[in-house]
Every structure is written in structure tokens, then in C-alpha cells.
Amino acid sequence: MNDCLNDLQAMQLRRLLEAGLPLTARPYQRLAEQIGCSERQVLEQVEQWQEAGLFRRVGLVLKHRALGFRANAMLVMDIPDEQVDAIGRRLGQAAGVNLCYQRPRRLPQWPYNLFCMVHGREREQVCGLIERLLAEHGLSDVPHQLLFSTRAFKQCGGRFAPPLPDVANG
């Protein structure tokens with residue numbers, strides 16, 4: 001069998017990976033069956049794409065609401081630009097913070113540049129965690145808001161693969 005995927009197989013694999021790994025004991029074998037190649041070829045292609053920087057990691061999206069985490073809040077803060085990297089790194093490693101990232105301010109309406117996502121079972125639990133987090137990191141006096149989720153939207157990974165060719169009309 002050829003060691004390399006052909007262009008169509010590679011495009012199909014990218015599409016399948018964007019949809020998520022199959023929930024099976026051998027997900028790469030299942031992907032290989034779907035595109036007509038070997039599991040080894042799929043693994044080699046994934047490794048090649050990772051080495052080329054196409055993606056950094058394979059992640060997992062948990063349905064936190066189904067697990068009972070219904071109090072979800074985004075802590076937004078206005079951190080001085082010269083401190084945002086260091087503070088972001090510290091907060092990103094703090095217990096209870098699920099996600100931490102920097103975004104540009106949108107002045108004058110939106111002065112916040114650091115965002116921390118926190119999930120909890122109860123609103124009071126999340127508020128207490130945020131208060132402790134701000135106090136422990138000396139950020140209690142930093143301008144901030146705590147924004148609680150009111151609706152859940154479908155989560156999915158990025159979509160970057162080109163559309164598959166229409167072979168029926170080609």
C-alpha cells in the first residue's frame with residue numbers, strides 16, 4: 001500500500017478530524033476505513049501535519065452542563081498592557097480557571113483585555129472562587145466584571161479544510 005495519502009484522502013481526513021474523533025477504541029482505524037487507507041497512513045499523516053504546525057494538539061470538548069456545571073462565568077479584566085502576559089499565565093494555571101486568554105480592548109465601550117472562564121455547579125460557588133482568585137493574585141482593585149452565561153451554544157472546533165469536490169457533478 002502507498003505510504004502517502006492522495007490529495008482527496010488527505011482532504012477527507014481533514015474534514016473528518018474537524019468533526020471530531022470517533023468514539024471507538026481505535027478512532028484512527030475507523031477514520032482509515034472511511035477514507036480507504038490504513039490506520040498507519042492516517043497516523044503518519046496526522047503526525048506530519050502536527051510537525052508542519054497545522055495543529056498543535058488534539059483536544060476534548062466536555063459538555064459541562066450535562067455534568068452539572070450550570071453556573072458558568074467569564075471574568076473580564078482591564079489589566080495594564082505591560083502586566084497582561086504574566087498575569088494571564090498565572091491565572092491560566094490557577095485552580096478553577098478553565099480558560100484564560102487576552103483580547104484587544106474595544107474602547108471606549110469595552111476596556112477589558114483579559115478573559116478567564118470559570119465553571120461551577122452553583123452561582124455562589126463561582127462568585128466565591130472569583131473573589132478568592134482576585135484576592136490571591138492582588139487583582140481585587142483591577143477594573144473587572146463577572147459575566148454569567150444565560151444560554152448554551154453548540155461548541156465545535158475550528159473548520160479549516162476546503163470543501164470536498166462534488167464528484168457527482170464533476
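Of the 170 residues in the protein, 32% are buried (under 20% relative accessible area with a 1.4 Å probe, protein chains only; exposed is over 50%, partly exposed in between). Keep in mind that this is a predicted model, where local features need pLDDT of at least 70, side-chain atom pairs count only at pLDDT 80 or more, and totals for chains, interfaces and linings use all residues. Residues are numbered from 1 along each chain as its sequence is written, and side-chain values use heavy atoms, with hydrogens and water left out.

**Exercise 1.** Work out in what order the elements run from the N terminus.

*Solution.* Start with the tally: five helices and four strands (DSSP runs, H or I of at least four residues for helices, E of at least two for strands, numbered from the N terminus). Then read them off in order: α-α-α-β-α-β-β-α-β.

**Exercise 2.** Find which elements supply the largest nonpolar core.

*Solution.* First, the core itself: 21 residues, as a set of buried Ala, Val, Leu, Ile, Met, Phe, Trp, Tyr and Cys joined through side-chain atoms within 4.5 Å. Next, its suppliers: β1 (71-77), α4 (84-92), β3 (114-120) and α5 (123-136) each give at least two residues. Finally, α5 has the largest share, with five.

**Exercise 3.** Pick M77 and list what it touches beyond four places in sequence.

*Solution.* M77 is among the residues with the most contacts inside the largest core. Skipping neighbours within four places, its contacts (heavy atoms within 4.5 Å) include L91, L114, C116, L134 and L139. Apart from this core lies another, of eleven residues, including L5, A10, L31 and V42.
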